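This report walks through one protein model for a reader who has not seen it before. The sequence and the structure come first, and the description follows.

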Amino acid sequence: MTDARTDLGIGMVGYAFMGAAHSQAWRTAPAFFDLPLHPRMAAICGRNEDAAGQVALRFGWESVETDWRSLLTRDDIQVIDICTPGDTHAEIAIEALKAGKHVLCEKPLANTVAEAEAMAAAAADAAKNGVRAMVGFTYRRTPAVALAQRLVAEGRLGTIRHVRAQYLQDWLTDENAPLNWRLDKDKAGSGALGDIGAHIIDMAQFVTGSQIASVSGLMETFVKTRPIAGDHATLGGSSSSDAERGPVTVDDAAVFTARFVDGAIGVFEATRFATGRKNALRLEVNGSKGSLAFDFEDMNVLEFFDRTEDPAISGFRRIIVTEASHPYIAAWWPPGHGLGYEHGFTHQVVDFVNDIAAGNDPVPSFADGLAVQRVLDAVAASADDGKTHPTGA
Ligand code: SOE
């Protein structure tokens with residue numbers, strides 16, 4: 001049987017952790033969702049041809065390129081998917097948009113506000129010609145988080161007063177965990193702040209529908225040098241304590257308080273030193289009519305408290321977000337069977353392809369990515385001078 005849908009050729013840049021997550025998403029999305037266009041995994045691009053070739057074989061990419069510019073000249077490619085470290089996002093995304101390619105770009109959008117501004121401007125220009133851009137804050141696409149956003153938008157929480165957001169990992173707790181690009185300011189822009197703090201900023205703004213107006217922050221680098229382990233070191237592990245060491249040039253942890261434009265206040269914490277916490281992305285929101293709480297380590301569950309219920313029988317209810325009526329779930333398994341980390345990436349490409357076909361501007365847009373970048377920048381400035389900094393929102 002042949003597929004009657006028009007192909008949407010994908011060219012992906014990068015092949016490591018995020019490259020694998022995006023590859024599986026492009027592979028899985030058309031199998032589980034009825035998409036209006038057929039994503040064709042046309043090319044994967046990486047400077048190391050052998051390594052990229054291995055990923056191509058494993059995930060089914062049709063060809064390998066070693067220079068991302070080659071992807072932009074290919075007529076069979078309509079989407080550029082950027083899964084590289086932050087220092088390359090701006091150049092690739094802007095050139096791709098100028099070449100008329102839709103762009104999906106990993107988070108954080110860029111390493112600096114100036115780069116993010118240029119990217120948002122390029123995306124706004126490209127949108128005039130029907131070319132779309134989206135930034136990859138995938139956790140929005142976890143069904144429980146999408147349900148949380150729906151409940152707030154429906155008014156079930158009333159006026160939002162408190163936001164408590166944490167992203168807790170522990171892969172740097174061992175002081176001999178080796179260096180990788182995420183610990184290099186030139187490549188990553190910042191450390192815990194941009195890598196995982198960006199996620200909770202986006203999630204808090206997405207779920208509440210409000211923007212962070214000002215912040216007061218603290219940042220710390222607990223372990224200042226680490227063993228040098230080469231470009232392909234992954235997260236965590238431990239090297240010999242005798243190994244040559246190099247400098248850590250980013251923050252290990254960042255905490256900040258925030259004021260939202262509509263009066264809510266927030267407390268945020270992002271760390272790679274929360275011993276025992278692996279990927280505890282948590283959000284709690286308290287409003288005048290109710291509260292909700294989410295923890296990615298129990299990602300199929302959303303807790304909801306409804307203050308309008310009879311106090312005699314009210315309490316936080318544990319909603320198992322696996323019903324067909326919940327966001328994204330109808331395409332998957334029967335109630336209670338649960339989804340995982342990778343499904344957020346699948347939902348991301350599903351939404352992106354649907355928006356491209358419908359001619360809609362996707363969210364989170366590059367402008368949303370820029371808004372997050374402004375918060376990151378304000379937190380870093382505040383940690384530097386000890387003052388409260390506005391974000392411009
Ligand atoms: C590493 O901290 C990391 O892989 C982040 O870069 C991702 O964005 C997050 O989803 C998981 O942790």
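## Helices α4 and α5

In this predicted model, the crossing in which α4 passes α5 is left-handed. The two helices span residues 89-98 (α4) and 113-127 (α5), and their axes come within 9 Å, crossing at roughly 15°. Angles under 35 degrees count as roughly parallel, and α4 and α5 are therefore roughly parallel to each other. On the α4 side the meeting residues are H89, A90, A93, I94 and L97, while α5 brings E115, A118, M119, A122, A123 and A126.

How much of α4 is buried? Seven of its ten residues are, so α4 is largely enclosed by the rest of the structure. Those buried residues are H89, A90, I92, A93, I94, A96 and L97. Just after the helix comes G100, which has a positive phi of about 85°.

## I92 within α4

I92 is part of helix α4. With a relative accessible area of 2%, I92 falls under the 20% limit and is buried. Which residues is I92 in contact with, leaving aside its neighbours within four places in sequence? They are V13, W68, I80, I82 and T84. V103 is eleven residues from I92 along the chain, and their C-alpha atoms are separated by 9.3 Å.

## Two domains

The domain assignment divides the protein chain into domain 1 (4-139) and domain 2 (140-340 + 369-390). Their C-alpha centres lie 25 Å apart. In the contact between them, domain 1 takes part with 24 residues and domain 2 with 34 residues.

In soluble globular proteins, nonpolar side chains tend to be buried together. Here the largest nonpolar core has 80 residues, and V207, F268 and F366 have the most contacts inside it. Helix α8 (residues 192-208) gives the most to this core, namely ten residues. Both domain 1 and domain 2 give residues to the core, so it lies between them. Apart from this core lies another, of 32 residues, including A25, W61, C83 and W332.

Leaving aside its neighbours within four places in sequence, F366 is in contact with A93, L97, V103, C105, L109, M119, A120, A123, A133, M134 and V135.

## Helices α8 and α10

Helix α10 covers residues 366-385, and its axis comes within 10 Å of the axis of α8. The two axes cross at roughly 120°, and α8 and α10 are therefore oblique to each other. Their crossing is right-handed. From α8 the contact takes L193, G194, A198, I201, D202 and Q205, and from α10 it takes V372, V375, L376, V379 and A380.

Where does P364 lie? This residue is in the loop between α9 (341-358) and α10. Is P364 buried or exposed? At 0% relative accessibility, P364 is buried.

P364 and V135 are 229 residues apart in sequence, yet 5.7 Å separates them in space, C-alpha to C-alpha. Apart from its neighbours within four places in sequence, P364 is in contact with M134, V135, F137, R140, R141 and D202. One of these, D202, is also among the α8 residues that make the contact with α10.

Key
Residues are numbered from 1 along each chain as its sequence is written. This is a predicted model: local features need pLDDT of at least 70, side-chain atom pairs count only at pLDDT 80 or more; totals for chains, interfaces and linings use all residues. Side-chain values use heavy atoms; hydrogens and water are left out. A nonpolar core is a set of buried Ala, Val, Leu, Ile, Met, Phe, Trp, Tyr and Cys residues joined through side-chain atoms within 4.5 Å. Buried means under 20% relative accessible area, exposed over 50%, partly exposed in between (1.4 Å probe, protein chains only). Helices (H or I, at least four residues) and strands (E, at least two) are DSSP runs, numbered from the N terminus. Domain bounds come from an automatic or database domain assignment. Contact means heavy atoms within 4.5 Å. Axes are lines fitted to C-alpha atoms, for helices over the stretch in contact, and angles run from 0 to 180 degrees between N-to-C directions. Angles under 35 degrees count as roughly parallel, over 145 as roughly antiparallel, 65 to 115 as roughly perpendicular and the rest as oblique. A crossing is left-handed if the near helix is turned anticlockwise from the far one by less than a right angle, and right-handed if clockwise.
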